[in-house]
Amino acid sequence: MDILWTHTNPESTGRPVASFRWNYVNRSILAVGYGAKANTEIKNGLVLIWSAKNPGGPARSYIFDSPISDLDWSRDRPNLLAIGFYDGEIKVIDVSSQEINVVRRSQKGTNFSSSPHWQVQWWIGDEQYEYQEQIYTCNQDGCVFCYRYVEDFTSSTIMRIFRIEGTLPGVSRTVQCNLYDISINRSPGALVLRKHPTSSTIYFVGSDEGCLYKCSTNYLYQHIDSFLAHDGPIYSMKFSPFCPKIFLTCGADWCIRIWAEGLTEPLITLHTAMACVRYAVWCPIHSTIIVSIVNNEICIWDIRRKTHKPSSVTTSPNTGRFIMVDFTANGKQLVAADVDGTVYVYNLEGMPFPPYNQEQVLVESIERTLITKPILLKHLKKLGPPFSR
């Protein structure tokens, strides 16, 4: 990995990057949301709009009263950016204006939450919403909200998750001390929100207890299924862009796990150091390549070749811990952001040629690693295509 350039600015220096998103229409535009470190004088939030045409300075700079927790671009209206804040507010701004132009703002009368929105995402609506985009969020109170993009920007709670009681399928948990088994809040924090890539009504919620809930927009306040994916908070969940039945999760138990939808036992477990894996993502042009971040290292995995260690490890030029990593749309560059407010753009060298049948190569690579687990391999093949041929 070679550094092409870094996005740095005096306004963002010392601010941790909360999230960044490439514009879905204009792939050269990057929106970066910055939070605020604890025990510092900085208490507000910052959003910078960067362009690959001018890496030296931001094209737009917006300052808000509260730190940023997440943001996302609209696909139907590429000039609109939805922003979630630590104080529980949601704003939609129009970035075509140099000044802050807030076109939608959540109201305290309809939104009773005051906890951070960890995920803010635009989803294409169904027939109920006339197939128009709506904004979905999940917050620290364990709630999932749907914001209708109408004049009054009303919100409705569609899900509330509760703490784990009893034994769940999935990975084993560390035995907890029950001396002070009194929880202040009945709901864990909902850290991850992910829509199913093929089913318009199904979505997943990951909690800070490590539980992954399968939910449906047709069933309010009730989840369909749940299992324990990590022994600790879940930080990321990504479906494979080539096989919608396979997804990965990463969390605070030092692991990246690859799952098949319908099984509660992980297919592959990847780990490097005894530190939390803050983010992991699939490569958009090669089905068996995964990138993850651990502390100030970027690890590139190729599960087709080996799973016991990454194929490449790149250390940050600074000591700052990475927060997020993602590929560009063409899969040839990588963007990473750290807690010091720096965004790095890397160029990938020596990448293998993408296979002709991406899905088949991914499935065969997973099946090859399950040779020592015949029972799990048998259960995988029972899921049907593409696992059974």
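## Burial and basis

Of the 389 residues in the protein, 52% are buried (under 20% relative accessible area with a 1.4 Å probe, protein chains only). This is a predicted model, in which local features need pLDDT of at least 70, side-chain atom pairs count only at pLDDT 80 or more, and totals for chains, interfaces and linings use all residues. Residues are numbered from 1 along each chain as its sequence is written, and side-chain values use heavy atoms, with hydrogens and water left out.

## Overall fold

The protein holds 28 strands and 2 helices (DSSP runs numbered from the N terminus: E of at least two residues for strands, H or I of at least four for helices). Its radius of gyration is 21 Å, close to the 21 Å of the globule rule for 389 residues, so the protein is as compact as a globular protein of that length. The radius is taken over C-alpha atoms, and the rule is 2.2 Å times the number of residues to the power 0.38. The C-alpha trace spans about 60 × 50 × 45 Å along its principal axes.

Phe327 stands opposite Leu334 in strand 27.

The hairpin of strand 26 and strand 27 has 5 residues between the strands. Gly331 in this hairpin takes a positive phi near 75 degrees.

Definitions and conventions
Buried < 20%, exposed > 50% of the residue type's maximum accessible area, 1.4 Å probe, protein only. Pairing = 2+ DSSP bridges.
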